Amino acid sequence: MTTPDILAVLTHTLTRKQLAERLETNTREVELGILQARLEGAAIVSDSHGYRLSTDPSEVYHCARRLRVRAIHQLLTARALRRTARRMEGIEQRTLGLVA
């Protein structure tokens, strides 16, 4: 699936599932295709209703802000999990008598 494939079917708001059906693929491939299209400069925005092409810069900025906040939350979650893993390693080492 290419960016032109996505843009050809994205004539109005469509859900990920609807896009997958129209493109005859799965929703994960749609997500990857949307990502690639955005990286190539396509103004694809998303909200609770689905994906659509936008011609409004403020709408594109709004979508970018939402994606940024989501990314920051994912990074914070990843950091918390790394801390948990380190803490678990410390507990395991003490239990095995490896820590002086």
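**Salt bridges, strands and surface**

Modeller: Before you start, note that this is a predicted model. A search of the whole structure finds four salt bridges.

Colleague: OK. Which residue meets Glu31 at 2.6 Å, N to O?

Modeller: That is Arg16, whose side chain forms a salt bridge with the side chain of Glu31 at 2.6 Å, N to O. The pair links distant parts of the chain, with Glu31 in helix H3 (residues 27-39) and Arg16 in helix H2 (residues 16-23), 15 residues apart.

Colleague: Are the two partners buried, exposed or partly exposed?

Modeller: Glu31 is partly exposed, at 27% relative accessible area. Arg16 is partly exposed too, at 36%.

Colleague: And what does Arg28 do with Glu31?

Modeller: The side chains of Arg28 and Glu31 form a salt bridge at 2.9 Å, N to O. Both residues sit in helix H3, three residues apart, which is about one turn of the helix. Taken together, Arg16, Arg28 and Glu31 are linked in a network of salt bridges.

Colleague: Switching to the strands. How do S1 and S2 run, parallel or antiparallel?

Modeller: Antiparallel: strand S1 (residues 44-47) is joined to strand S2 (residues 50-53) by four bridges.

Colleague: What stands opposite Asp47?

Modeller: Gly50, in S2. The side chain of Asp47 also meets that of Arg52 in a salt bridge, 3.0 Å from N to O.

Colleague: How exposed is Asp47?

Modeller: Asp47 has a relative accessible area of 32%, so it is classed as partly exposed.

Colleague: Which residue lies ten residues along the chain from Ile44, with 7.5 Å between the C-alpha atoms?

Modeller: Ile34; the C-alpha atoms of Ile34 and Ile44 are separated by 7.5 Å. Ile34 belongs to helix H3.

Colleague: Is Ile34 buried or exposed?

Modeller: Buried, because its relative accessible area is 2% and the cut-off for buried is under 20%.

Colleague: Now the surface. Which residues make the nonpolar patch?

Modeller: Leu32, Leu35 and Leu39 make a nonpolar surface patch of about 290 Å². Of these, Leu35 lies in helix H3. Leu35 is partly exposed, with 47% relative accessible area.

Colleague: What about charge? Which residues gather in the positive patch?

Modeller: Arg79, Arg82, Arg83 and Arg86 gather in a patch of positive charge on the surface. One of them, Arg86, lies in helix H4 (residues 57-95).

Colleague: Last topic, the backbone. What is the phi of Glu24?

Modeller: Glu24 has a positive phi, about 55°, although it is not a glycine.

Colleague: Why point that out?

Modeller: Because most residues other than glycine have a negative phi.

Colleague: Where does Glu24 lie?

Modeller: In the loop between H2 and H3. Glu24 is exposed, with a relative accessible area of 74%.

Methods. Residues numbered from 1 in each chain as written. Predicted model: local features only at pLDDT ≥ 70, side-chain atom pairs only at ≥ 80, totals over all residues. Heavy atoms only, no water. Pairing = 2+ DSSP bridges. Helix = DSSP H or I, 4+ residues; strand = E, 2+ residues; numbered from the N terminus. Patch = residues over 30% accessible without salt bridge, like charges linked within 9 Å, V, L, I, M, F, W, Y side chains within 5 Å. Areas by Shrake-Rupley, 256 points an atom, 1.4 Å probe, with all protein chains shown as cover. Lys, Arg positive; Asp, Glu negative; His and termini not counted. Charge placed at Lys NZ, Arg CZ, Asp CG, Glu CD. Buried < 20%, exposed > 50% of the residue type's maximum accessible area, 1.4 Å probe, protein only.
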